[in-house]
Amino acid sequence: MSDTLTNKAASFNDIQTKDIKHHFSPFSNNKELAEHGSRVINKAHGVYIYDDNGNKLLDAMAGLWCVNIGYGRQELVDVATKQMKELPYYNLFFKTTHAPAAKLAEKIASLAPTHMNKVFFTGSGSEANDTIFRMVRRFWDLKGQPTKKQFISRKNAYHGSTVVGASLGGMGYMHEQGDLPIEGISHIDQPYYFKEGGDDTQEAFGIKAAQSLETKILEIGENNIAAFIAEPFQGAGGVIVPPASYWPEIKRILAKYDILLVVDEVISGFGRTGEWFASQYYDLKPDLMPIAKGLSSGYLPIGGVIVGDRVAHTLIEKGGDFNHGFTYSGHPVAAAVALKNIELLESEGVIERVKNDTSPYLQKRWQELAAHPIVGETRGLGMVAGLELVKNKDTKERIAPDAKAGGICRDFSMANGLIMRPCGDTMIISPPLVITKAEIDELVEKAVKTLDETAKYFNLL
Ligand code: PMP
């Protein structure tokens with residue numbers, strides 16, 4: 001295969017050799033990597049990354065859904081340099097704070113839904129979800145309802161890679177490793193219409209999928225349930241955009257029961273939907289929102305939990321010490337960079353442009369791919385999109401067993417200078433929010449070429 005073969009034929013350079021010998025790569029088959037060598041990425045600008053073979057790739061995944069502002073922003077370098085000189089590190093434990101953390105918290109609160117006014121900082125999205133797990137249980141203890149301990153999540157959800165994050169997530173391939181999920185977490189149906197909709201209309205299926213929440217609540221008992229956690233649209237699960245009927249029905253159900261709502265905004269936060277948060281896009285009123293990724297556009301690791309007034313009030317007024325925090329909670333350099341990143345998104349009108357101009361264009365152009373012979377469905381919202389690879393559009397039969405087509409398609413895509421990610425046989429994109437219309441045209445053109453080559457590879461064109 002193009003990409004793999006090129007790497008295999010080449011002898012390993014110094015970096016690849018070091019990597020093979022000593023680096024244990026995340027979410028990778030390290031044995032296979034040792035045979036082929038990893039692609040070495042050495043610079044990036046705008047929406048493009050470059051490898052050390054001189055290849056230029058349009059990064060339609062914005063790294064891991066995070067480089068919202070695009071690569072190479074000098075303003076972020078400058079602010080990091082300044083902050084490093086002034087105060088490279090200090091912690092927020094034990095009655096201290098610093099300007100970057102306080103200012104960033106204020107800024108985030110000003111953009112979040114109005115009932116959310118406190119931010120607890122973490123180093124990542126996984127840590128944010130771990131934090132939520134403890135905050136929520138503590139909240140119910142303080143409310144005098146200590147039986148309310150269980151979390152309801154969804155199959156095929158992604159909430160991180162730590163023990164709690166992976167347990168909250170609904171990925172079977174993660175649960176298999178490390179004996180997960182931990183106790184106290186159950187997973188309900190996902191609103192994945194293409195795969196599970198059967199003969200239902202989108203509308204009916206959305207309601208049905210949402211009602212599995214009520215079924216689970218009745219099964220476990222309201223008095224035992226702490227929170228429901230969900231991504232507004234599933235990201236790593238394959239950019240699964242719920243039918244329009246889904247969230248209103250979830251809201252109706254949650255309004256009946258005293259259960260907290262956690263909306264995981266790690267991917268969707270900071271503009272991905274054309275709103276600052278997807279909770280605004282879907283008109284949700286979360287009690288807690290984990291954030292990360294676009295918060296700093298990935299320039300430095302930082303995450304957090306935006307805490308709604310109800311939970312914050314109880315934890316703060318009644319809770320005494322909250323015995324939780326990370327060495328790098330609100331790291332000053334990361335916080336200063338995040339603040340500047342948000343200021344740039346704001347002052348350059350990036351999110352309005354996504355909403356009114358570039359995301360409608362992306363979605364329109366992406367939809368054209370639905371006409372391709374091996375595309376069973378296209379879908380998306382804002383600056384995320386996905387498509388389903390199939391052999392037969394009517395029966396939705398897949399091209400090859402074990403989701404092999406997705407990996408092949410990814411390799412062709414890479415060879416064509418486009419980073420698309422496979423989730424099984426779903427190809428997904430989540431480009432930097434600064435992508436221009438001309439770059440969107442390039443993205444779609446490369447995607448078409450990639451689909452053609454994939455179809456030919458499987459003798460379908
Ligand atoms: N939640 C969601 C919705 C995510 O997509 C991710 C990461 N892809 C996480 C949580 C975990 O974030 P991190 O990798 O920063 O721990």
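A residue counts as buried if 20 or more other C-beta atoms lie within 10 Å of its own, as exposed if 12 or fewer do, and as partly exposed in between. Keep that rule in mind as we walk through this structure, which is a predicted model.

Val163 has 16 C-beta neighbours inside 10 Å, so it counts as partly exposed. Leaving aside residues up to four places away in sequence, Val163 touches Leu180 and Ile182. The chain also brings Asp179 into the picture: 16 residues separate Val163 and Asp179 along the chain, and their C-alpha atoms are 9.5 Å apart.

The peptide bond from Leu180 to Pro181 is cis, with omega near 0°. You can find Pro181 in the loop between α9 (172-175) and β6 (185-188).

Is Ile152 buried or exposed? There are 21 other C-beta atoms within 10 Å of Ile152, so this residue is buried. Its contacts, not counting residues up to four places away in sequence, are Ser186, Ile188, Leu213, Lys216, Ile225 and Phe228. For a sense of scale, look across to Gly382: the C-alpha atoms of Ile152 and Gly382 are separated by 27 Å, and the two residues are 230 apart along the chain.

Next come two residues in loops. Phe27 lies between α2 (14-22) and α3 (30-36). Its phi is near 40°, a positive value in a residue other than glycine. Phe27 has 8 C-beta neighbours inside 10 Å and therefore counts as exposed. Lys95, in the loop between α5 (74-86) and α6 (99-111), also is not a glycine, yet has a positive phi of about 65°. With 5 other C-beta atoms within 10 Å, Lys95 is exposed.

Let's turn to the helices. Two packed helices are described by the angle between their axes and the distance between the axes. For α7 and helix α14 (residues 309-318), the angle is about 65° and the axes are 10 Å apart. These two helices are therefore roughly perpendicular to each other, and their crossing is left-handed. On the α7 side, the contact is made by Met135, Arg138, Phe139 and Leu142, while α14 supplies Val311, Thr314, Leu315 and Lys318. By class, this contact has five nonpolar residues, one polar and two charged.

A second pair is helix α17 (residues 404-415) with helix α18 (residues 437-457), packed at an angle of about 130° with axes 9 Å apart. That angle makes α17 oblique to α18. The crossing here is right-handed. Ala405, Ile408, Cys409, Phe412 and Ser413 of α17 meet Thr450, Glu453, Thr454 and Tyr457 of α18. Sorted by class, the residues of this contact are five nonpolar, three polar and one charged.

We finish at the ligand, where helix α7 comes back into view. Which residues are closest to the ligand? They are Ser124, Gly125, Ser126, Gly160 and Val266, out of 18 residues that surround the ligand. Helix α7 (residues 125-142) gives the largest share of this shell, three residues. Taken by class, the shell has six nonpolar, 10 polar and two charged residues.

Notes: Residues are numbered from 1 along each chain as its sequence is written. This is a predicted model: local features need pLDDT of at least 70, side-chain atom pairs count only at pLDDT 80 or more; totals for chains, interfaces and linings use all residues. A residue is near a molecule or strand if its C-beta atom, placed from the backbone, lies within 6 Å of it. Helices (H or I, at least four residues) and strands (E, at least two) are DSSP runs, numbered from the N terminus. Ala, Val, Leu, Ile, Met, Phe, Trp, Tyr, Cys and Pro count as nonpolar, Asp, Glu, Lys and Arg as charged, and the others, Gly among them, as polar. Axes are lines fitted to C-alpha atoms, for helices over the stretch in contact, and angles run from 0 to 180 degrees between N-to-C directions. Angles under 35 degrees count as roughly parallel, over 145 as roughly antiparallel, 65 to 115 as roughly perpendicular and the rest as oblique. A crossing is left-handed if the near helix is turned anticlockwise from the far one by less than a right angle, and right-handed if clockwise. Two residues are in contact if their C-beta atoms, placed from the backbone, lie within 7 Å.
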